[in-house]
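The following paragraphs lead the reader through a protein model, from its overall layout to selected details. Please keep the sequence and the structure in view while reading.

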Amino acid sequence: VRGRRICYTDPHSTTGYLLPRAALREHGIDPDKDLAESLVSGNHLQAIRDLIEGRCDLAGTFAAAYSRADQMGVNAARTRVLALTGRTPHDAICAGPGVSPEDIEKMREALLAFDPQRDAGVPSLGGFERLTGFSETDDANYASIRKALDAERAAALTGD
């Protein structure tokens, strides 16, 4: 991919910017020096569109956008997956410091018990992410994201 153009979704995107850049680094490619051009597409579907239209040679996106692109009128089958860049926990629900421990527990229990088929009459919610329920997470699930952030910070400090 050296010397090629890359489309990122947005510099604030974990799956469309941060993890693709970390994956490039892990393969010995400096995303700031070894690529001919870095473009910002704006969102995941647009990054796939830009790739298909030849605006870039590779793009970073997340699996749900890629697998559901056809439902949004984008023929992702015209592209191919070069690498899986990692997994990310999505949509954390957090309680603020003013919420009582009792209310936190009630919300936690309600979310963990949620079943879209039973509670909403559909197998999943949302057209893109397909929410099928909630699960508890662990801080360790964010380790790969922290590692990628550390690499970005180090590159910014050293100019690499």
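Helices (H or I, at least four residues) and strands (E, at least two) are taken here as DSSP runs, numbered from the N terminus. On this basis, the protein chain has six helices and three strands. Read from the N terminus on, its elements follow the order β-α-β-α-β-α-α-α-α. The model is a predicted one, in which local features need pLDDT of at least 70 and side-chain atom pairs count only at pLDDT 80 or more, while totals for chains, interfaces and linings use all residues. Residues are numbered from 1 along each chain as its sequence is written, and side-chain values use heavy atoms, with hydrogens and water left out.

Some overall figures come next. Taken along the principal axes, a box of roughly 55 × 40 × 20 Å is filled by the C-alpha atoms of the protein chain. A residue is called buried under 20% relative accessible area, exposed over 50%, and partly exposed in between (1.4 Å probe, protein chains only). Of the 160 residues in the protein chain, 27% are buried. Contact means heavy atoms within 4.5 Å. Among the contacts in the protein chain with a separation of 6 or more, 60% are between residues 24 or more positions apart.

The strands may be considered next. Two strands pair if DSSP finds at least two bridges between them. The three strands form an open sheet in the order S2-S1-S3, with parallel pairing. S2 and S3 are the edge strands, each of which pairs on one side only. Strand S1 (residues 5-8) and strand S2 (residues 37-40) run parallel and are joined by four bridges. The path of the chain from S1 to S2 passes through helix H1 (residues 14-26), and this β-α-β crossover is right-handed; that term applies if, with the strands pointing away from the viewer, the path from the first strand over the helix to the second runs clockwise. Two bridge partners can be located in S2: Ser-38 for Ile-6, and Leu-39 for Cys-7.

Glu-37 also belongs to strand S2. Its relative accessible area is 37%, so Glu-37 is partly exposed. Not counting residues up to four places away in sequence, Glu-37 touches Arg-4, Arg-5 and Ile-6. Glu-37 and Asp-115 are separated by 78 residues in sequence and by 45 Å in space, C-alpha to C-alpha.

Which residue is joined to Cys-7 by a disulfide? The partner is Cys-56, with an S to S distance of 2.3 Å. A disulfide is counted where a pair of cysteine sulfur atoms lies within 2.5 Å, and by this rule there is one disulfide. The pair links distant parts of the chain, 49 residues apart: Cys-7 lies in strand S1, and Cys-56 in the loop between helix H2 (44-52) and strand S3 (58-59). The link of Cys-7 and Cys-56 is left-handed, with -115° about the S-S bond. Cys-7 counts as buried because its relative accessibility is 0%, and Cys-56 is buried as well, with a relative accessible area of 3%. Cys-94, at 69% relative accessibility, counts as exposed.

Rings of Phe, Tyr and Trp (its six-membered ring) pair if their centres lie within 6.5 Å; planes under 30 degrees apart count as stacked, over 60 as edge-to-face and the rest as tilted. This rule gives two aromatic pairs. One of them is formed by Tyr-8 and Tyr-17, which are edge-to-face at 4.7 Å centre to centre, with 65° between the planes. Tyr-8 counts as buried at 2% relative accessibility, and Tyr-17 counts as buried at 17%.

The loop between S1 and H1 contains Thr-9. With a relative accessible area of 1%, Thr-9 is buried. Leaving aside its neighbours within four places in sequence, Thr-9 is in contact with residues including Tyr-17, Val-40, Asn-43, His-44 and Gly-60.

Just after H2, Gly-54 takes a positive phi of about 85°.
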